[in-house]
Amino acid sequence: MEKCGGKDRPALANHLVVVVGGGIAGLGAAQRLCRHPGFRNLRLLEATDRCGGRIRSQSAFGGVVEIGAHWIHGPSKNNPVFQLALEYGLLGEKEMSEENQLIEVGGHPGLPSLSLSSSGKSVNLKLVEDMSNLFYTLLDQTREFLHVAETPVPSVGEYLKKEISRHMFDWTEDEATKQLKLSVLKTFFNLECCVSGSHSMDLVALGSFGEYANLPGLDCTFSEGYDGLTNCMMTSLPKNVILFNKPVKTIHWNNSYKHENFPGETFPVLLECEDGENFPANHVIITIPLGVLKEQMDILFNPPLPSRKTEVISSMGFGTNNKIFLEFEEPFWEADCQQIQVVWEDASPFVDFEDELKDIWFKKLIGFLVLPPLESTYVLCGFIAGLESEFMETLSDEEVLSSLTQVLRRVTGNPQLPGPRSVLRSRWHSAPYTRGSYSYVAVGSSGEDIDTLAQPLPTDSSSPQLQILFAGEATHRTYYSTTHGALLSGWREADRLISLYDLECQQKFKP
């Protein structure tokens, strides 16, 4: 008799597995299953006309820009995205160097090359560095509250403001300088909102903030585009595994379903697509973003998800971080400038703007990353998070260009500064199959909730097991909100099925 994987392999090898979502979590799950001899009946249903999810590279400005994921965070031996990129030969010598992999940055962005204020003056970079040191020293202290029974305040934002208030007693400068310090600190709060994917750090739970683990290595990029990675993953899959433009309408589960293509067989899961096509399955790996689950969980699953699962989906945080690319004929910055910070001198961590979003949305913009020159053009990439970011999506390109031209003229002190000649931006909140960017542990939720979201269904041992499995960045407790967390979660769920297969093999062929 042949061993497992041969003609006498157990029935699980003939089970139908469907992966919902073609982001890196779904591609990772599909790739891992396809490399195992026990899984030959696999389909990946992608709602759009492309794979990659929030990994999206686009040809623009005579080069390639990243509309979504930008960096490999922590490119080192324990980062699976970095290792895959090495395997596919997608990185340069500098990115691959051992020296680069050993650099410890603590997960914090670097200092700006230039800091511009709303009064049209440059901010002293020593003051910016001092406020950066204060902010990130306090942010690192939040990790001390992991697993404590009770935190002093509910949120990261509240803790930071409480500690900043204490440090302010030692400030001896004049009132104008003290206010400028607060304004610079507000910019770092806005930057951390972009990192966390939240509207406000007051929404991010203090007790669980330390769950996230930083990896060593200096963040690096893909010279030819991040989607080179997902394209390699796609091409490694057998033909006809991926079906595009297949949004799922309803996942019917924990029942007994028949399908005309499989006479005499029954399946515990049936996926009903928007176009009317149905796919039976024994196992389904759900990799759709948390934002879509929040919006559709009441109608996506039949029967409904268990109450504990829906409570977790509702309580976990999911926010929006967008990019705005501005193209210039000539740069107004120096050739060695890498990052421009924008500071609003009327801003403070202790005061929220109460104006209408249409009048203040641009004040949430943290500044601009200077992209390497692309042919004969110069490009800045701005980052903006939260409700202001979502409001920006509702504006026309002309409105965004007009607003940011006025911002740049104001902060440079040059009312004649030529405006950008074009704009390109992401709209992750408006996109129906993302509904935002990534997750965070919100006040009222915890790391345990991430584990609960990742728990397969059904939990009743009397039903067929592993019918519904959950992957995606929001389901990885240590690396939530990251690309490598998403990839690891896809591998994790594939491994659950592989373990089930191997167990059935052992039972079938044991002496």
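This is a predicted model: local features need pLDDT of at least 70, side-chain atom pairs count only at pLDDT 80 or more; totals for chains, interfaces and linings use all residues.
Helices and strands here are DSSP runs, numbered from the N terminus: a helix has at least four residues, a strand at least two.

Let's begin with the whole chain. It holds 15 helices and 19 strands. Along the principal axes, the C-alpha trace spans about 85 × 55 × 45 Å. The radius of gyration is 25 Å. A compact globule of 511 residues would come near 24 Å, so the two agree. As for burial, 54% of the 511 residues count as buried.

Now the backbone. Most residues other than glycine have a negative phi, and most peptide bonds are trans. Here are some exceptions.

Start with Pro458. It lies in the loop between helix H14, residues 447-454, and strand E19, residues 468-470. Leu466 is not a glycine, yet its phi is positive, near 55 degrees. Is Leu466 buried or exposed? Buried: its relative accessible area is 15%, and the cut-off for buried is under 20%.

Next, Pro303. A cis peptide bond joins Asn302 to Pro303, with omega about 0 degrees. Where is Pro303? In the loop that runs between strand E11, residues 301-302, and helix H10, residues 307-315.

Then Asn254. Its phi is positive too, near 55 degrees. Asn254 sits in the loop between strand E7, residues 248-252, and strand E8, residues 269-273. With a relative accessible area of 34%, Asn254 is partly exposed.

On to charges. How many salt bridges does a search of the whole structure find? It finds 24.

Pair one: Glu175 and Lys178. Their closest N and O atoms are 3.6 Å apart. Both sit in helix H7, residues 175-196, and they are 3 residues apart, so about one helical turn separates them. Glu175 is exposed, at 60% relative accessibility.

Pair two: Arg427 and Asp397. Here the closest N and O atoms are 3.5 Å apart. Why does this pair tie together separate parts of the chain? Arg427 is in the loop between strand E17, residues 422-425, and strand E18, residues 438-440, while Asp397 is in helix H13, residues 397-412; so the bridge links parts 30 residues apart in sequence. Both partners are partly exposed: Arg427 at 37%, Asp397 at 31%.

Pair three: Glu493 and Arg496. The closest N and O atoms are 2.7 Å apart. These two are 3 residues apart in helix H15, residues 483-509, which again means about one helical turn between them. Glu493 is buried, with a relative accessible area of 0%. Arg496 is partly exposed, at 30%. Beyond pairs, there is a network: Glu211, Glu448, Asp451 and Arg477 are joined by salt bridges that share partners.

Last, the surface. Which residues form a negative surface patch? Asp352, Glu354, Asp355 and Glu356. Take Asp352 as the example. Its place is the loop between strand E14, residues 339-343, and helix H11, residues 357-360. Asp352 is exposed, because its relative accessibility is 56% and the cut-off for exposed is over 50%.

Technical notes:
Residues are numbered from 1 along each chain as its sequence is written. Side-chain values use heavy atoms; hydrogens and water are left out. Patches are made of residues with over 30% relative accessible area and no salt bridge: like charges are joined within 9 Å, nonpolar side chains (Val, Leu, Ile, Met, Phe, Trp, Tyr) within 5 Å. Accessible areas come from the Shrake-Rupley method with a 1.4 Å probe; for residues, only the protein chains shown count as cover. A salt bridge is a side-chain nitrogen of Lys or Arg within 4 Å of a carboxyl oxygen of Asp or Glu. Lys and Arg count as positive and Asp and Glu as negative; His and the chain ends are not counted. The place of a charge is taken as NZ of Lys, CZ of Arg, CG of Asp or CD of Glu. Buried means under 20% relative accessible area, exposed over 50%, partly exposed in between (1.4 Å probe, protein chains only). The radius of gyration is taken over C-alpha atoms; the globule rule is 2.2 Å times the number of residues to the power 0.38.
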